[in-house]
Every structure is written in structure tokens, then in C-alpha cells.
Amino acid sequence: MSFDNNAIRKKAKEWASVIKDPETRDVAEEAAEILLRQGFELPRIQEKDLGGKTKRGLVFANYNAFGKVINVNNNKAIRKAGGFRGYQQQGVKWGWLVQDNAILHELAHHIDSVINPDYDKVEHEWNVELDRQLVKKELSEYAATNRAEYEAELISGILRGKVYSKEILDYSYFAHLDDERAKNILKLGNGTIVNDSGLPREFDKMTETVYKNPEKDAAVLLTDSDVRKFIERQKLIFDNAVDTALKEVPLDDISVQRLKESNYVFSGIKTFHELNEAFPSLLDEEGNRKPFNQFLNDVQKVYDAYNVQYLRTEYNFAQASALMAARWKQFEQDGDRYNLQYQTMYDKRVRRTHRMLHNITLPIESPFWDKYFPPNGWNCRCTVVQVRKDKYPVSDEQEAMNLGSQATAGKYQEMFMFNPGKRMTTFPAYNGYTLRKCNRCEVRPDKMKLAADIPDNEVCRACRLLQESRLAGIHSATEGIRSIIRRLENGYPKGDAVRIGRLADDVKEFVRKKGIEPSTDEIYMTDKQIHHALRSVKQKAGKAVTAEQLAALPSLMDDSEVYWDEKAGNIQFITRQDGKIQKFVVRLNYAAKIQGEKKTVNAFITAGTIEERNLGMKNLVKIK
């Protein structure tokens, strides 16, 4: 769909102008823009005192389907609770809500009332009969309230850019309606089409930052909060591509986390280029600074190029990479029992050079698969399958390598020479936004290790800033911990794990002097140990860390104090949160069961609160 962005912005502002509080008005504008870009008309909106806090909580807004009006609560209790955005963000953090815009939730009710002919029937208020644990896991606690709230949470979640499983989508009334609007929303929700809902507004916010900071260069702006939000929103699109692909072939959580970390770095470098292209539009032909609205209109061509023309192709590539990474992981588990065979879709759309690779059959250890494992180009649909060794003759390896070189020939030939399953990245280090030497860099996403001698050019500098922001790994780890905590509220450990960080070089050097050689520098947290750290016995004794303190650990590890426990032979990460001191214990070379496999890793084993005086105990040696 194509839209008049000026008209949408203007209409959203006019609609939200009845709201007096600036933060709430911004929330309303955001929700309105999202709805208008989906082709829906807006209902009326008005402020109304809906009351303060009760035992059931705060009502932020409600929707009256008969009058087609959204009532926004202007009671002062809203501000005391943290405002429209802050309170809702807390609800998302702990799984009560699917997204943080209360007005968008009410607009979702409006969409439901417009499309669903049974909206007014009593059945719409009936209980949700779908597995409640699945609803809470994929959507939210609130979605399990009744069918009406299920639909509103699902629709608003989709409109905030999320994708869902077939089971969640099929339970929606929309799945049974012969309505193009309903079908389009479900296509966004299953990943069939790129779900870029909300991305245009985040781009506008980012360009406003450019306009306000003309003296800052693009690399520095990557650390700005509005720019980071845009990066995160782009990342979500590519994360959706990963999740959509893995519905076909599952992959362990740690590998998924690594794929999504690479999405963050790719999105960040892509944003860096968008920022660079936006700066020239600040000035007119005479060198004078343009009015903001003119600048915003002029940079629309940047958005259209990067987030309309390129985005679909990049989404397809991320989806193909994730699918092939999962397949490679399965192939590795079977070892050399089978050979691998390259296969195309073998239809009219297949490129001639790719058709030449069809049926190439080689052992899994062949270097051919290091360079020419699909995808081998933009919109490549090729795949690889396992075949019995006695069924197909092995191809000539050198001839296969030559054909592979021809298949990837072009401007970015080297870009496509990577195996997403071996590197566990959706995009190679060298791509359309980076440099050829990125393939050899120690900072590339599959390495995630900072090097001190990074060449000081703009792309490398931008990449370094992205890596140093630590948002890539931290975001995934924190959300992974929270997801496990939510599941454990009504369940038991089942072998899930999250990679929460790495051992710093000075820590590794210290333990080596103690005669311990870490088998890896990665640190993992399993659901079993999370369950142990938050168990009720510790809570009653007042010695337990809170769930939020546990989830915050990945963001604090690099800056925390680190001690060596001589007596136990463990490492302790010390944090200071909420006026208390917490210790998080990590055991080196620990035999843990991760995703059903026994592995030797550095593992978080327990946590608790301690007193300052405890840090002076003789058995504790401060590392840093």
C-alpha cells in the first residue's frame, strides 16, 4: 500500500489534539498513524475521568462500540502511576500486556467491531478456550481474560510488528472471516508479508533527531534513544523473519539468540547509512537550513529506498538464512552418515547459474558448503537435503566450487560466500552496507569480541559503537530471562537456556593463573538455575534477588565488580540494585544440560543478596 505520509501525520495530529497531556497525546498520535496506514478510519476520541486506582488496577482507556468513541482517562492517578507509556511498559515487561500503547489496544477493539459481524454477540465475552499457557506465552495474561480482549491483544500486537504461531492466529475470529482487511492483518501476523507497522513513525522520530543535532555525525547518533528505537524496530522485522522460518524447522534457543544478535548489528549499520543519506537534506540549494516539515518530506526518499525497496529483499534473505541455519544444525547432528545435495526449486524463476548447482552432492565436511550453502543471492530459494551415500554419486569438488563461484558472481560475490549455520548469522559480515574486510574482523556478529585495533574509518567506527552499546546481546538475553521467568510461574524447568554474556579477558587471565582453562568464554543461564535462584524458600528468608534484578544481569555484567571465591572455586558478579547488593555466582566449566544436550559451559548457578561486609571475607579475591 502507498500512503500520503503528510496527510497521515496531519490527520493523526488533529485526532490526538484533544488530549491535553503531551505524553498521552504522543501515544495517541502513534496509535492513530498505525491505524491509518492500515487503511482504517479513526473513531472519535475524548478525554474522560475514568477513575483512579482500584483493586483491579487502573483503566487507561476504553472503547464504546455503540458511539464509536475512545475515552482516554485523564484522572491524575495516571500520571502518578508512571504515565500512559511507563505503566504500560511495566505491563509488557511482566507479560500482562502484549504492547505498551493503551490507545492502540482500544483501536484494536474498534477494528474488531468494524470487521467482525459477531462483535456485539454475547459469545465475544466468553472465556478463551485455547490453551491458556500458550496464550500467556505468545500474547499476554490479559489476552486470556475473554475473547474480546484476546482479539484486541492479538490485533494490537500485530500492529506493533509482532508475528505469531498458526495456533494463535487460527483461534482469532478473523481467521474465519471472508474480509480482505482481516486477511491482511493475519498476513502481517504470520510473516507472509513484511510487518513494518510502526516503522514509518520511528523513522520520523529519528529524522527529527537528525534535524535537532546537525553538528553530530551519523556514528555518534547511533547511541541516541530515538535512533536506537528505530534500529530495534528494524531488528524486530528481521527477528520476525527468523521466527517465521523456524516454524518450518525448529532451532535451539541459543542459536536463535545468535541469529537475532546479528540482526541487531545489520539493522544498526543499515541505519547508519540511512542517517548519512538524511544529512544532505538538511540544507537547501543555497545552503540554508530547511524548515523541519520540508526536511521531513525530502528525507522520505531515503525511507522509501531503504525500507520499501530494499526491505522485502532483506527480509527474504533473513528468512532463508535462518531456515538454512536450522537445517545445517540438523545435518551436523547426524554427522557424516549422509551426503548433502544442493537442490533448486527447478522452476522458471530459478537463475541459470543456480540451476547449474542442482543435484551437486558432496560430504558434509566439503569446503563447498562453507562458501555455497544457500542462500546464494538475494531472493535465492535454493535448499540442501540429506541423501543416502549409496544413492547418488559424489560430485567433482573442484567443478562444484567453480560452479558455485559462477552462481554468486557479481558486485557482492564475496558477500554470499558464507554458511549461515556455521556462523549462525542471518547476514554475512560483508554485505551491502559494510566493507569486504569485515569478513576478517574480530568484531563481526558471530565473533562478538571487541578488538582494540579496529581501523578508524566511518563504517568500522559505527560498528564499534553498535557493539559497545551491548544492545545486541543484552536485549536478547534480558528478554530471554524474562520469558523463562514467565513460563516458570506456571511450569517447571525443561532445559531452556540463555547466553547472558562472556568472560572478560582480565577474568580469563586471572583464572588461568589459578590453573583453570575455561572451555569457552560464554556464560549461560539455564531455566533450572533461574528456578533455583527465585525459589520461595529464599524469598521467605529475604535472601533472594528479584526477578527484575536477575533479568538485569546481562546489562550490568561488564561494569560489575568481579570476585574469585577461593573456597568454592567460583566467580561472583556483584551488582548494586534497588539499594541492596546482589551476588550472581558463575561456575566455570560446568556440566549443564542445554536444549537437551549435555555441554560444558560457564554457567550461572545461583544468586542472592549479601551485605557489604561479606565482600571483605578472606576467601574472596577481587578480580576487578
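This is a predicted model: local features need pLDDT of at least 70, side-chain atom pairs count only at pLDDT 80 or more; totals for chains, interfaces and linings use all residues.
**Overall fold, second largest pocket and some local details**

Of the contacts in the chain with a separation of 6 or more, 69% are between residues 24 or more positions apart, where contact means heavy atoms within 4.5 Å. Residues are numbered from 1 along each chain as its sequence is written, and side-chain values use heavy atoms, with hydrogens and water left out.

On to the chain as a whole. Laid along its principal axes, the C-alpha trace spans about 70 × 70 × 60 Å.

What about the surface? Buried residues make up 54% of the 624 residues; buried means under 20% relative accessible area, exposed means over 50%, and partly exposed is in between (1.4 Å probe, protein chains only). The chain exposes about 28800 Å², and carbon and sulfur atoms supply 48% of that. Such areas come from the Shrake-Rupley method with a 1.4 Å probe, and for residues only the protein chains shown count as cover.

Next comes the second largest pocket, which holds about 930 Å³ of space. A pocket is an open set of points on a 1 Å grid over the protein atoms alone, where a 1.4 Å probe fits, with protein on both sides within 12 Å along at least five of seven lines; lining residues have an atom within 4 Å of a point. Grid points are joined across faces, edges and corners, and the volume is the space filled by probe spheres set on the points. This pocket is lined by 34 residues, with Val-59, Ala-61, Glu-106, Tyr-142 and Glu-149 nearest its centre. Two or more lining residues come from each of β2 (61–64), α4 (83–93), α5 (102–115) and α7 (147–159). The lining divides into 15 nonpolar, 12 polar and seven charged residues, where Ala, Val, Leu, Ile, Met, Phe, Trp, Tyr, Cys and Pro count as nonpolar, Asp, Glu, Lys and Arg as charged, and the others, Gly among them, as polar.

Ala-61 sits in strand β2 and is buried, at 9% relative accessible area. Leaving out residues up to four places away in sequence, Ala-61 touches Leu-50, Asn-71, Val-72, Asn-73 and Glu-106. Leu-50 is 11 residues from Ala-61 in sequence and 7.7 Å away in space, C-alpha to C-alpha.

Lys-68, in the loop between β2 and β3 (69–73), has a positive phi near 50 degrees and is not a glycine. Asn-379 also has a positive phi, about 60 degrees, although it is not a glycine. Asn-379 is found in the loop between α18 and β6, and Pro-375 is placed in the loop between α18 (368–372) and β6 (383–388). A cis peptide bond joins Pro-374 and Pro-375, with omega about 5 degrees.

Methods. Helices (H or I, at least four residues) and strands (E, at least two) are DSSP runs, numbered from the N terminus.
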